[in-house]
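Visitor: I have a few questions about how residues get their labels here. Could you take them one by one?

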Amino acid sequence: MHVLETACSFLAGLAVGYVIASLTESVLHQRIGHAPRQTVERWKQGSLPLRYLARIHYSHHVVHHLRTFRQDHVTQFRSIQEREQVSSELAMLGAEGEQIVRSGYGLRLDGLGGLAFVVPLLPALPWITSQTGASAILGAGIALALPPIFSHFIHPYLHMPHAQALQQAPKLTGWLLRRWYFRVMARHHYVHHRCPRTNFNLLLGGDWLRGCHRTVDGAQRSAMRQLGLRVD
Ligand SMILES: [Zn+2]
Ligand SMILES: [Zn+2]
Ligand SMILES: [Zn+2]
């Protein structure tokens, strides 16, 4: 195969994978991470895969959104006491709760959390199998891996003042955080925590396609600036 052809099919795979991954991330984050109460109650009564969804909801909606970062977007706990309070409640849940503590109280994907992202592979499967080129599959695979990678390696730094994030992040992550795409992601995620009915993506685009995208408003912009988050 020609180099140009290989490159084109790699890029086609990347593009198709990107759109699918972004849409799926948006849908899963909304429907699982922020599932309605009745749905979660039903999951809790269900079999193991459903109970697992209830646990993702708990770790994300309850712990990451409601029990932590109560003061503001960059302060996970207001005091040591608050941290201990949350930790001891989680400890009562046993292994499940310990797993959530280890994930930084829902700040990173815990254990099997990344598995939820395997789901995007399913709608992509017919397309992938129709492609004979390994380069298209490679491109799609890279794109589909981005949401769990961003959740794990980028999300914690979105909850830090920009200067602190650059100081603590590994070199490559720090370089990425200064780029336009990741600055937009940081603002997008800030708005998500103010309004959890919008802005589900870290891999940008899907929210916009689904019509659940909101840009940062004037008041949020000045609040972000006060917290040391970059708004440009
Ligand atoms: Zn967050
Ligand atoms: Zn956005
Ligand atoms: Zn969320």
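Visitor: Why is Glu89 called partly exposed?

Guide: Its relative accessibility is 24%. Buried means under 20% relative accessible area, exposed over 50%, partly exposed in between, with a 1.4 Å probe and protein chains only. So Glu89 counts as partly exposed. Keep in mind that this is a predicted model: local features need pLDDT of at least 70, side-chain atom pairs count only at pLDDT 80 or more, and totals for chains, interfaces and linings use all residues. Side-chain values use heavy atoms, without hydrogens and water.

Visitor: What makes Glu89 and Arg67 a salt bridge?

Guide: The closest N and O atoms are 2.6 Å apart. The rule asks for a side-chain nitrogen of Lys or Arg within 4 Å of a carboxyl oxygen of Asp or Glu, so the pair qualifies. Glu89 lies in helix H4 (residues 80–91) and Arg67 in helix H3 (residues 48–67), 22 residues apart. Helices here are DSSP runs (H or I, at least four residues), numbered from the N terminus.

Visitor: Which class does Arg67 fall in?

Guide: Arg67 has a relative accessible area of 23%, so this residue is partly exposed.

Visitor: Why is Glu82 called buried?

Guide: Because its relative accessibility is 13%, Glu82 counts as buried. Glu82 forms a salt bridge with Arg78, closest N and O atoms 2.7 Å apart. Arg78, at 46%, counts as partly exposed.

Visitor: How do you know that Asp232 forms a salt bridge with Arg230?

Guide: Their closest N and O atoms are 2.8 Å apart. Shared partners join Arg183, Arg230 and Asp232 into one network.

Visitor: How many salt bridges does the rule give?

Guide: The count comes to 5.

Note on methods: Residues numbered from 1 in each chain as written. Chains lettered and ligands numbered in written order. Helix = DSSP H or I, 4+ residues; strand = E, 2+ residues; numbered from the N terminus.
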